Amino acid sequence: MSLSLLLPLGLAALAALLLPLLIHLARRSEQQPVIFAALRWLRFKPKPRQRIRFDEWPLLLLRLLLLALLALLLARPVLTGRDGDDAWVVVVPGVEQPERHLREAGFGQEIEPRWLAPGYPALNLPQPIEGLPAASLLRQLDAELSPGTRLVVFVPEVLDGVDAQRPVLSRAVEWRVVAGAPSVDEPAPGAPPAIHVLHDQTHAGGLRYLQAAARAWSASGEDPPVTSGSPEAPIPAGVDHLFWLSAAGMPDPVREWTRAGGVVVLSAGVDWPGQASPPQPLWRDARGRVWLEGGALGEGRVLRFTQALEPAAMPVLLESDFPQRLRQVLQGDQPPPARVSAGHHAPSTGGGPWLPVPYDLQPWLALLIALVFALERCLATARRRAVSP
Amino acid sequence: MSTDLIPPEVRSRLAGLRLGARRALGGQGMGMHRSRNRGSGLEFAQYRGYEPGDEPRQIDWKLYARSDRLFVREAERESPVTVWILLDASASMAQRDLPSEATSSRLHAGKVLAACIAELALRQGDRFGFIGLQAQGLRVVPPGNGTRQRDQLLLSLHGLDAGGAFPHADRLGPIWERIGAGDIVIVISDWFDEAVIALAERLAAARREVLAIQLLTVAERDFPFDGGYRFHDPETGEELLGDGRALRDGFLQRFAEAQRGLRARLDGAGIRHCSHCLDQPLDQPLRALFGSAEAVARG
């Protein structure tokens, strides 16, 4: 551990040390007159003009110390090269019975196990919430530890919160896959919306674009979940999203279906239902043109295309990201895929050596300066007999 | 007014003091001091042969039984003595110790001592007078006894201020005119000036009983000055700039030497003396001079 200064030029503030020295120079009260009748027995001695004397040297020293500490604070002192611990054992949240695994692995009392969570809390504290970005925390831990520290990571079989690639660290990590408790249930991402298209003859052209989008949503090899029918046909069960491609207004069955919790997408030109909230733009392109607007109706939603479903009016139909955008509007943002099998996601070595983060001494120095200042004020405001600097 | 000048604790300690004379002789009248007057008294003076006309009860019959001749026993008559208080009122007497507000000057201490001596003389029935040695002229209070004389003395003390040099020898005439032989003279001064010492020596040589009380300040005894000062002599007007700490040792040595010389001179002249520093209680010089019974010694 060595002390170093991030801004050595800050020490130029030490020139301010001259100021208390000037203030504390003994004043010219040396010529105090006194009546002395026995003068004939005093003999002349040369005046001690050469001696520089300072009044109240304890207060002077305290003020010099205070200014020196302030100059040091300006120079931003840090401690570099801190030696780290020998080994760190971290457990990713989600591991079942971590103490048992630690005991079996042979890690005794000398190493304190920690959770892989912000702040690296000790293992005896309650398990942190899941859903933390494990790969990011692992990279952060690798950057913070000193290069010689050994790192052991216990991961559950299914690892959540990972990056798109295997983490590349600067050291070799012992990757131990143990049994993990199932995580809290979250909606299975990736189920494409099941859509049903009700169209009449004039609007049949738009069906092919919706079918193409549905095919893009589903995994390869599966049938796209799109069905179609005439406007008068009843709505089949199990459908979340309904496309109404007709010039007529919504019939009552559709309206009731929507109010019960469905999502209906109207084509351009259909009257906006009265009980629905005013339409808000939901899909804007880069040039600011609105393609889809929507509002709430009961428990469901009503959306409406602003242009006819044909490429001449809606060139966005031919864009390559049209299916994703349509799905985003219908279902909301999907979480990016972040779950992997832990065995396949062991980090590799090869990352560059991190610059060691030096330990900033400024907060402690500021505290010390506050204490010294309080002491100086006490000393300076104490009662004195003479005029004090 | 006397209560203003003498502090109560000093007044209470005056009780045990007695103005006694060694060489001074009493004058006419009834007093407490020995004198050459013959009369009824307790002190034996001489045996004289019987002459016709002497009172028969003065015949000492024991001596007649031994020698078969008639002798008359004569006793002394105790008489009052005149006490003169001489107070130096030159500028050096105005010196105070620092801080100036908290201490009194030499002159004030001298006034208190003069008042105390007047009290003692009043109790003993002695006559007392006062001479203030001012540069512009002596302030004389002719001797008398009684409380009226004491009040006159206090009035004179009240208006006395220190200033100027010691009065020139030409102005000291009233001293020689008024102070008769056989009087007690108490000189209160700082005794720095040669003129005072010469006056005391001349008085002592002229058969007056002289007592010297020297008043010194703490500054002269200890020299407590630290740091730079401008020392100013009030009588000669000399000034000296110096650092206190550097001057201390030399001053104390020379001053002690000068005091030894002074004491030698006073002893040589037969003058009883005592030195008083202003931070001591004020009855200390009086006790030194008049306190114990041994002080009232037969000369």
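Predicted model: local features only at pLDDT ≥ 70, side-chain atom pairs only at ≥ 80, totals over all residues.
Two strands are taken to pair if DSSP finds at least two bridges between them. In general, strands of a sheet pair through backbone hydrogen bonds, in either a parallel or an antiparallel arrangement.

The interface was then described by contacts and by area. On the side of chain B, 28 residues are in contact with 20 residues of chain A. The area buried between chain B and chain A is about 2,500 Å², and carbon and sulfur atoms account for 64% of it. In chain B, the residues that lose the most area to chain A are R230(B), L241(B) and R254(B), which together make up 22% of what that side buries. For specific interactions, the count of salt bridges between chain B and chain A is 0. Polar contacts, by contrast, are found across the interface of the two chains in 7 residue pairs, both residues being at pLDDT 80 or more.

Four elements of chain B give two or more residues to the side that touches chain A, namely α8 (218–222), β8 (228–232), β9 (239–243) and α9 (244–268). Of these, α9(B) gives the most, with 6 residues. The composition of this side of chain B by class is 15 nonpolar, 4 polar and 9 charged residues.

One residue of chain B was examined individually. E220(B) is located in helix α8 of chain B. Because its relative accessibility is 0%, E220(B) counts as buried, the cut-off being under 20%. A polar atom of the E220(B) side chain lies 3.1 Å from the backbone nitrogen of T217(B). With neighbours within four places in sequence left aside, E220(B) is in contact with residues of both chains. The partners in chain A are F36(A), A37(A) and A38(A). Those in chain B are Q95(B), R106(B), F192(B), F251(B), L252(B) and F255(B).

Elsewhere in chain B, strand β1 (residues 44–49) is joined to β2(B) by 5 bridges, and the two strands run antiparallel. The bridge partner of Q46(B) in β2(B) is E74(B). Strand β2 of chain B (residues 71–75) is mostly covered, with 4 of its 5 residues buried.

Chain A contains 8 helices and 19 strands. Of the 389 residues in chain A, 37% are buried.

Key
Residues numbered from 1 in each chain as written. Chains lettered and ligands numbered in written order. Heavy atoms only, no water. Contact = heavy atoms within 4.5 Å. Buried area = accessible area lost by both parts, 1.4 Å probe. Salt bridge = Lys/Arg side-chain N within 4 Å of Asp/Glu carboxyl O. Polar contact = N/O pair within 3.5 Å; in protein donor to acceptor, adjacent residues only side chain to side chain. Nonpolar A, V, L, I, M, F, W, Y, C, P; charged D, E, K, R; others polar. Buried < 20%, exposed > 50% of the residue type's maximum accessible area, 1.4 Å probe, protein only.
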